[in-house]
Amino acid sequence: TEIYTLSLHDALPICLQTEKMASLGKMMAGVAHEIRNPVNFIWGNLNYLEEYAEDLTDLVRAYEGEIINPSNSLTKLKKRIDPNFVLDDLPQMLQSMKTGTDRLRHLVTSLRTFSRMDETQRDLTDIHQSLDSTLQILNNRIKEGVTIDKQYADDLPEVSCFCGQIGQVFMNIISNSIDALDDYNSQFSYEDKKINPHHILITTEFDADSDRATISFKDNGPGIPGDILKNIFEQFFTTKIVGKGTGLGLSISRQIVEEKHQGRLICNSLPGEGTEFTIELPVE
């Protein structure tokens, strides 16, 4: 009875967290679906709007060249509208709208990728796309003094995995790295952060001999002391303040990688030399 009770106690938080993430995934999928159609509609029409604006601009320029002695009413209208300013500003405005809409489209794609938390079967997944989707979602959390660098392998094949769950692992690891660097950066001045920015380097590799993909997350932060490093994958273990961390993120990440995907999740760190999380996943 004692062994059964302990096992249930250990499993319950993971079950609750998994159910919570599945519910969150369904909500995100619904939101992404509702946003996608109007965003695509706007995106598609912006191209036509840009063409129409160019045609109207050419027409106005041509009229200006033809009309030598405009009437008083036309002169007043031109002074009030200031067509030169409008014609110069309109293309820039359209470009800003296209840039914003493009970001929305990528964000919707990222939400749809991350929302696949209740998958029942594996799919061939582009790991690079999954990483980029995660970074898109976390973009607003990356503060000044922290940069994200990427070194993706050209020969990395698609990996058979539960895409949403692997996305959750990426989210947990990158979020922890961002939090650690933000806390570490608080002791430096603006000039120091500008001269020596801290970064997270994401690299991918493929080992054809072992048929494994490797994803690495390495930062140049403060590193993790040995007494903390040995416990970071334990349930409920966290060094964050109350309300900021649950102590479940890395525990669940290791379970997803090692039990669900037969891979490996390891962490190497030394104080003062940064931290590196490495994920190994079998391709097939």
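User: Where does serine 175 have its place?
Analyst: This is a predicted model, in which local features need pLDDT of at least 70 and side-chain atom pairs count only at pLDDT 80 or more, while totals for chains, interfaces and linings use all residues. Residues are numbered from 1 along each chain as its sequence is written, and side-chain values use heavy atoms, with hydrogens and water left out. Helices (H or I, at least four residues) and strands (E, at least two) are DSSP runs numbered from the N terminus. On that numbering, serine 175 is in helix 5.

User: Is serine 175 buried or exposed?
Analyst: Accessible areas come from the Shrake-Rupley method with a 1.4 Å probe, and for residues only the protein chains shown count as cover. Buried means under 20% relative accessible area, exposed means over 50%, and partly exposed is in between. At 10% relative accessibility, serine 175 counts as buried.

User: How many Å apart in space are serine 175 and glycine 249, C-alpha to C-alpha?
Analyst: In sequence, serine 175 and glycine 249 are 74 residues apart. In space, their C-alpha to C-alpha distance is 9.7 Å.

User: How is the pair of rings of phenylalanine 170 and phenylalanine 217 classed?
Analyst: Rings of Phe, Tyr and Trp (its six-membered ring) pair if their centres lie within 6.5 Å; planes under 30 degrees apart count as stacked, over 60 as edge-to-face and the rest as tilted. By this rule there is one aromatic pair. The ring centres of phenylalanine 170 and phenylalanine 217 are 5.8 Å apart and the planes stand at 50°, so the pair is tilted.

User: Are phenylalanine 170 and phenylalanine 217 buried or exposed?
Analyst: Phenylalanine 170 lies in helix 5 (residues 163-185) and phenylalanine 217 in strand 5 (residues 212-219), so the pair ties together parts that are 47 residues apart in sequence. Both of these residues are buried.

User: How many salt bridges does a search of the whole structure find?
Analyst: Side chains of opposite charge can pair when their charged atoms come close. A salt bridge is a side-chain nitrogen of Lys or Arg within 4 Å of a carboxyl oxygen of Asp or Glu. Over the whole structure, the number found is eight.

User: What is the N to O distance in the salt bridge of glutamate 64 and arginine 61?
Analyst: Glutamate 64 and arginine 61 are three residues apart in helix 1, and so separated by about one helical turn. Glutamate 64 is partly exposed at 30% relative accessible area, and arginine 61 is partly exposed at 35%. Their side chains meet in a salt bridge with an N to O distance of 3.8 Å.

User: Which residues are linked with Glu64 in a network of salt bridges?
Analyst: Glutamate 64 also forms a salt bridge with lysine 78, with the closest N and O atoms 3.8 Å apart. Glutamate 64 lies in helix 1 and lysine 78 in helix 2, so this pair ties together parts 14 residues apart in sequence. The network links Glu64 with Arg61, Lys78 and Asp88.

User: How many of the 10 residues of helix 2 are buried?
Analyst: Lysine 78, at 44% relative accessibility, counts as partly exposed. Helix 2 (residues 72-81) lies largely in the open, because the number of its residues that are buried is zero.

User: Which residue forms a salt bridge with lysine 150?
Analyst: Lysine 150 is partly exposed at 44% relative accessibility. The closest N and O atoms of this salt bridge are 3.0 Å apart. The partner of lysine 150 is aspartate 132.

User: Which helices each supply at least two residues of the nonpolar patch?
Analyst: Patches are made of residues with over 30% relative accessible area and no salt bridge, with like charges joined within 9 Å and nonpolar side chains (Val, Leu, Ile, Met, Phe, Trp, Tyr) within 5 Å. Leu56, Leu59, Tyr63, Ile67, Leu74, Leu77, Ile81, Phe85 and Val86 form a nonpolar patch on the surface, with about 810 Å² of accessible area together. The helices that each supply at least two of its residues are helix 1, helix 2 and helix 3 (83-114).

User: What is phi of aspartate 211 near?
Analyst: Most residues other than glycine have a negative phi, and most peptide bonds are trans. Aspartate 211 is found in the loop between strand 4 (198-207) and strand 5. Its phi is positive, near 55°.

Terms used: Buried < 20%, exposed > 50% of the residue type's maximum accessible area, 1.4 Å probe, protein only.
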